[in-house]
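Visitor: I've got a structure open and would like to talk through its side-chain contacts. Can you walk me through it?

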Amino acid sequence: MLTRRHIRVKVLQSTYAFFQSEHQDLDKQEKFLLYSMDQMQDLYVLLLQLMVEVKDHAENFLQKSQQKHLATAEEKNPNRNFVDNTVIQLIEANPELAEILKNKKLNYWQDDNEYINIIFNALKEKDFYQEYISKKEVSFKEDRDFIVKFYKEVVAPDEKLYDYLEDKRLTWLDDFPLVNTAMVKMLSKISEKNVATILVPSLYKNDDDREFALKLLRKVVLNNEKLDNEIDGKTPNWDKDRIADIDMIILKIGISEFLYFPSIPERATINECLEISKEYSTPKSSSFINGILDKLVKEYTKEGKLNKMGRGLQ
């Protein structure tokens with residue numbers, strides 16, 4: 001689920017927190033880094049459960065409508081395409097998902113069910129929902145396509161959900177787009193045969209990614225003075241103290257990758273740093289960072305400091 005870019009963002013956040021702290025403790029910061037990445041799986045299963053809870057809410061709504069004293073013919077015999085959605089049934093019955101929710105006590109939707117009602121009301125307003133429940137019969141593919149649209153068009157843009165998740169865990173605000181995208185990709189491929197293996201993906205592609213995160217944090221923090229010296233003199237129009245803190249850390253991440261990660265191509269490092277700066281720093285930061293990192297690559301190449309080997313992962 002985690003991409004190298006998101007790992008770099010997590011390292012950026014952890015490094016910033018470390019340097020801003022009055023009591024700098026690298027061991028504690030490493031634990032927080034791992035914890036903040038682990039929380040992404042919590043968010044993932046919570047968002048999966050959101051769909052199940054909305055389905056349950058819809059079923060309860062149908063039952064109450066049927067019990068009305070003056071229920072209409074449509075209310076007495078409602079369309080059950082959504083509440084009987086095959087994909088949702090597969091997810092609801094998955095033991096791994098149920099175990100994670102239980103062990104981590106992720107019962108947020110039961111405690112804050114007003115958000116389920118908000119999402120359900122937003123869903124009912126969508127044309128694709130009305131089209132879906134108007135069909136007499138639906139295929140597995142139509143069930144799956146409906147759920148994908150649910151996450152793309154209802155969950156992803158809901159600002160109240162963003163605010164809610166941020167209140168629960170601050171790091172989830174940055175994690176939400178990535179997690180939602182990962183979920184959409186998974187749901188697009190889900191079938192009755194593969195649901196057990198793809199429903200809850202591994203947080204890391206491999207153990208190297210976890211070690212990459214820790215090593216990058218350590219290299220930036222432990223070599224801070226050296227990295228400061230590397231940047232000195234490369235900004236003739238800027239006093240080092242005037243460079244934004246975030247820009248300085250992004251630069252130090254880039255330089256650390258140049259010097260201490262031989263398997264990562266320098267171009268990949270620069271591209272990743274630029275994309276992160278566009279999202280987390282000022283509008284002019286990317287061109288500023290690009291200029292310094294490009295200058296350093298030329299200098300390191302001339303001095304034989306790069307020693308890049310193999311094809312690195314971004």
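**Charges, rings and the overall fold**

Guide: Let's start with charges: a network of salt bridges links R5, R8, E257 and E272. Keep in mind that this is a predicted model.

Visitor: Okay, take R8 and E272. What is the N to O distance in their salt bridge?

Guide: Their side chains meet at 3.3 Å, N to O.

Visitor: Which residue does R4 meet in a salt bridge?

Guide: R4 meets D209, at 2.7 Å from N to O. That pair links distant parts of the chain, with R4 in helix α1 (residues 4-20) and D209 in helix α13, 205 residues apart. R4 and D209 are both buried.

Visitor: What about K135 and E142, how far apart are the closest N and O atoms there?

Guide: They are 2.9 Å apart, and the two residues form a salt bridge. K135 has 27% relative accessibility, so it counts as partly exposed. E142 is also partly exposed, at 27% relative accessibility.

Visitor: How many salt bridges does a search of the whole structure find?

Guide: The search finds 20 salt bridges.

Visitor: Switching to rings. How many aromatic pairs are there?

Guide: The count comes to 14 aromatic pairs. One of them is F212 with F261: the ring centres are 5.4 Å apart and the planes sit at 75°, which is over the 60 degree cut-off, so this pair is edge-to-face.

Visitor: Where do F212 and F261 lie in the chain?

Guide: F212 is in helix α13 (residues 207-222), while F261 is in the loop between α15 (245-260) and α16 (266-280), so the pair ties together parts that are 49 residues apart in sequence. Both F212 and F261 are buried.

Visitor: What about F258 and Y300, what's the geometry between the planes?

Guide: F258 and Y300 form an edge-to-face pair, with 6.3 Å centre to centre and 80° between the planes. F258 lies in helix α15 and Y300 in helix α17 (residues 285-303), so this pair ties together parts that are 42 residues apart in sequence.

Visitor: Why does F258 count as buried?

Guide: Its relative accessibility is 0%, and buried means under 20%, so F258 counts as buried. Y300 is buried too, with a relative accessible area of 0%.

Visitor: Let's zoom out. How many helices and strands does the chain have?

Guide: The chain has 17 helices and 0 strands. Its C-alpha trace spans about 80 × 40 × 35 Å along the principal axes.

Visitor: What percentage of the residues is buried?

Guide: Buried residues make up 46% of the 314 residues in the chain. The accessible surface comes to about 16700 Å², with 47% of that belonging to carbon and sulfur atoms.

Visitor: And what share of the contacts comes from residues 24 or more positions apart?

Guide: Among contacts with a separation of 6 or more, residues 24 or more positions apart account for 80%.

Notes
Residues are numbered from 1 along each chain as its sequence is written. This is a predicted model: local features need pLDDT of at least 70, side-chain atom pairs count only at pLDDT 80 or more; totals for chains, interfaces and linings use all residues. Side-chain values use heavy atoms; hydrogens and water are left out. Rings of Phe, Tyr and Trp (its six-membered ring) pair if their centres lie within 6.5 Å; planes under 30 degrees apart count as stacked, over 60 as edge-to-face and the rest as tilted. Helices (H or I, at least four residues) and strands (E, at least two) are DSSP runs, numbered from the N terminus. Buried means under 20% relative accessible area, exposed over 50%, partly exposed in between (1.4 Å probe, protein chains only). A salt bridge is a side-chain nitrogen of Lys or Arg within 4 Å of a carboxyl oxygen of Asp or Glu. Contact means heavy atoms within 4.5 Å. Accessible areas come from the Shrake-Rupley method with a 1.4 Å probe; for residues, only the protein chains shown count as cover.
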